[in-house]
Amino acid sequence: MLALTELGQRLRQERESKGLSLEDLQKLTKIQKRYLLGIEEGNYEVMPGKFYVRAFIKQYCEAIGLDTDAIFEEYKSDIPSTQTEDMPQQLSRVRSRKEIPQHTKGVTKAYDYLPTVLVVAGVVVVGIIIWVIAQNIVSDKNKEQANQEAPNSEVQQSNTQEETNETTAKNDNSKSEDEQSAADKKEQEKEKAEKEKAAKEKAEKEKKDSGKQEYKEVQKTGRSATYALSGTDAFNLEVTSTQADTWLDVKNGKGNAFFSSILKKGETKEFDLTKETEARVNIGYSPGVELKINGKAVDLPFDSSKQVRQVVTIQHQPAEAQ
């Protein structure tokens with residue numbers, strides 16, 4: 001194994017302090033694990049080129065929350081510089097005139113005549129538009145003359161009938177809209193009442209359970225601790241990160257994951273684990289992380305200033321089963 005560079009050692013320490021493995025970092029950055037390992041070991045020979053070395057280091061720093069500009073300045077002796085010629089040839093799509101195949105010259109000549117063709121087509125289209133407008137004007141004049149020659153009584157009768165039809169249609173539409181509005185309002189009120197009833201029942205149940213809820217330590221070892229949750233049927237877990245981004249992994253006793261990603265600063269995730277008998281909470285960066293069970297705050301098992309990464313296993317025994 002190669003000796004770590006100062007930059008590689010700094011990046012590895014920062015990654016491990018946040019509880020991230022190389023596999024976790026690979027998921028976050030979409031960079032292959034062997035390239036991430038090459039960055040930590042200073043083995044840049046495994047990279048496709050110097051251009052990728054700098055790009056991959058930048059993504060690595062952003063994923064673990066480091067200032068990219070500061071890192072590049074502080075460890076510039078460890079990071080290879082890049083020139084324009086280092087950029088992979090496939091990134092450039094510009095082709096010189098000499099590289100254009102000879103068989104395309106005929107197409108180029110055809111393009112020379114394109115402006116003339118477009119002008120002729122434009123003149124033809126304008127002519128068609130003028131002809132259509134003229135025909136519409138003549139048609140409108142003929143209709144106007146025919147209407148003037150018709151008896152006034154027929155015109156008035158027609159107008160009266162149209163007004164009657166419009167009034168009837170408006171009345172029907174108004175009636176239909178009022179009926180639909182009333183039905184929608186009634187349905188909305190019903191849904192609101194059901195939601196309020198459900199929320200009230202849930203609040204009463206949580207209040208009832210919170211008075212009996214017990215959260216006791218079972219054992220501690222290394223960075224892991226086990227707690228027993230009893231006296232309540234509900235098992236609602238809230239995790240909030242107030243100081244920095246942290247890796248959060250929440251699984252049940254069977255290893256099925258509910259969440260496995262970065263929890264952003266100021267973000268809260270809620271998990272309904274009522275049907276679970278056990279939950280395992282893996283916190284990569286515990287400073288500023290808050291846990292609540294059924295709305296009640298519980299302490300982390302270790303001092304976060306001394307133990308950054310913490311794993312909490314919660315064993316749930318519903319009240320009905322006791």
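**Figure 1. Contact between helices H1 and H4.** Leu-7, Leu-11, Arg-12 and Arg-15 of H1 meet Ile-57, Tyr-60 and Cys-61 of H4. Sorted by class, this contact of H1 with H4 holds five nonpolar residues, two charged residues and no polar ones. The model shown here and in the other views is predicted. H1 spans residues 6-17 and H4 spans residues 50-63; their axes come within 10 Å and cross at roughly 30°. Angles under 35 degrees count as roughly parallel, and H1 and H4 are therefore roughly parallel to each other. The crossing of H1 with H4 is left-handed.

**Figure 2. Crossing of helices H2 and H3.** The axes of H2 (residues 22-29) and H3 (residues 33-41) come within 9 Å, with a crossing angle of roughly 110°. The range from 65 to 115 degrees counts as roughly perpendicular, so H2 and H3 are roughly perpendicular to each other. Their crossing is right-handed. On the H2 side, the contact is made by Leu-22, Glu-23, Leu-25, Gln-26 and Thr-29, and on the H3 side by Lys-33, Leu-36, Leu-37 and Glu-40. The contact of H2 with H3 comprises four nonpolar, two polar and three charged residues.

Figure 3. Thr-246 belongs to strand S4, which covers residues 246-252. With a relative accessible area of 3%, Thr-246 is buried. A polar atom of the Thr-246 side chain lies 2.8 Å from the backbone nitrogen of Tyr-285. Leaving aside residues up to four places away in sequence, Thr-246 touches Ser-241, Ser-261, Ile-262, Leu-263, Ile-283, Gly-284, Tyr-285 and Val-289.

Technical notes:
Residues are numbered from 1 along each chain as its sequence is written. This is a predicted model: local features need pLDDT of at least 70, side-chain atom pairs count only at pLDDT 80 or more; totals for chains, interfaces and linings use all residues. Side-chain values use heavy atoms; hydrogens and water are left out. Axes are lines fitted to C-alpha atoms, for helices over the stretch in contact, and angles run from 0 to 180 degrees between N-to-C directions. Helices (H or I, at least four residues) and strands (E, at least two) are DSSP runs, numbered from the N terminus. Angles under 35 degrees count as roughly parallel, over 145 as roughly antiparallel, 65 to 115 as roughly perpendicular and the rest as oblique. A crossing is left-handed if the near helix is turned anticlockwise from the far one by less than a right angle, and right-handed if clockwise. Contact means heavy atoms within 4.5 Å. Ala, Val, Leu, Ile, Met, Phe, Trp, Tyr, Cys and Pro count as nonpolar, Asp, Glu, Lys and Arg as charged, and the others, Gly among them, as polar. Buried means under 20% relative accessible area, exposed over 50%, partly exposed in between (1.4 Å probe, protein chains only). A polar contact is a pair of N or O atoms within 3.5 Å; within protein, one must be able to donate a hydrogen and the other to accept it, and residues adjacent in sequence count only if both atoms are side-chain atoms.
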